[in-house]
Amino acid sequence: MIIVSVTKVKEGENTQEKVWFAVKSAMELAGWEEVVKRGLDIAIKPNLCLDILLPGHTTSPWVIEGVIRVIRDKVGKIYVVESDTFTTDCEKGFVHSGISNICKQYDIEWYNFSKKDKYVTVTG
């Protein structure tokens with residue numbers, strides 16, 4: 001069964017903290033801890049289809065940070081991963097969206113799968 005959870009955030013004072021809380025609430029409503037095993041390495045895949053931060057098209061760094069804040073004490077290594085699109089080099093989106101700053105702040109590894117020449121098959 002697929003569970004989808006949506007939470008709304010009103011823009012205004014403390015919007016960043018509201019986004020973090022909304023992400024946490026949405027993840028809890030979706031039952032993320034029932035699916036993600038403790039200590040498991042995790043890849044977070046944002047949407048970086050543009051090389052600018054454009055809400056509704058690219059993932060906000062606050063959303064990525066919210067996910068990291070929720071899972072960081074319960075999972076193994078965390079990665080942020082993406083691939084280039086036919087229109088955009090996701091490296092630019094990674095930097096211009098602010099997600100690169102979040103990765104630096106939380107010591108998260110970034111992988112552009114379009115630039116990697118080795119792939120590893122994992123089971124889980």
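Contact, as the term is used here, means heavy atoms within 4.5 Å. The structure is a predicted model, in which local features need pLDDT of at least 70 and side-chain atom pairs count only at pLDDT 80 or more, while totals for chains, interfaces and linings use all residues. Residues are numbered from 1 along each chain as its sequence is written, and side-chain values use heavy atoms, with hydrogens and water left out.

The secondary structure of the protein chain comprises 5 helices and 3 strands; helices (H or I, at least four residues) and strands (E, at least two) are DSSP runs, numbered from the N terminus. Along the sequence these elements follow the pattern α-α-β-α-β-α-α-β. The C-alpha trace spans about 40 × 35 × 30 Å along its principal axes. The radius of gyration of the protein chain is 15 Å, which agrees with the value near 14 Å that a compact globule of 124 residues would have. This radius is taken over C-alpha atoms, and the globule rule is 2.2 Å times the number of residues to the power 0.38. Among contacts in the protein chain with a separation of 6 or more, 71% are made by residues 24 or more positions apart.

Of the 124 residues, 35% count as buried. Buried means under 20% relative accessible area, exposed means over 50%, and partly exposed lies in between (1.4 Å probe, protein chains only). The protein chain exposes about 8600 Å², of which carbon and sulfur atoms supply 55%; the areas come from the Shrake-Rupley method with a 1.4 Å probe, and for residues only the protein chains shown count as cover. As for charge, the mean positions of the 16 positive and 17 negative charges lie 2 Å apart. Lys and Arg count as positive and Asp and Glu as negative, with His and the chain ends not counted; each charge is placed at NZ of Lys, CZ of Arg, CG of Asp or CD of Glu.

Helix α3 is mostly covered, with 8 of its 11 residues buried. These are P61, I64, E65, G66, V67, I68, V70 and I71. The buried residues of α3 pack against α1, α2 (32–35), β1, β2 and α5.

Apart from neighbours within four places in sequence, I99 is in contact with P46, L48, T59, P61, I64, V80 and F94. The C-alpha atoms of I99 and E65 are 8.3 Å apart, although 34 residues separate them along the chain. S100, also in α5, is buried at 8% relative accessibility.

In helix α1, S25 is buried, with a relative accessible area of 17%. Beyond its neighbours within four places in sequence, S25 is in contact with S5 and T7.

Most residues other than glycine have a negative phi. N14, in the segment before α1, has a positive phi near 60°, and this residue is partly exposed, with a relative accessible area of 44%. D107 likewise has a positive phi, of about 55°, although it is not a glycine. D107 is located in the loop between α5 and β3 (109–112) and is exposed, with a relative accessible area of 65%.

L54 lies in the loop between β1 and α3 and counts as partly exposed, at 34% relative accessibility. The C-alpha atoms of L54 and N112, 58 residues apart along the chain, are separated by 20 Å.
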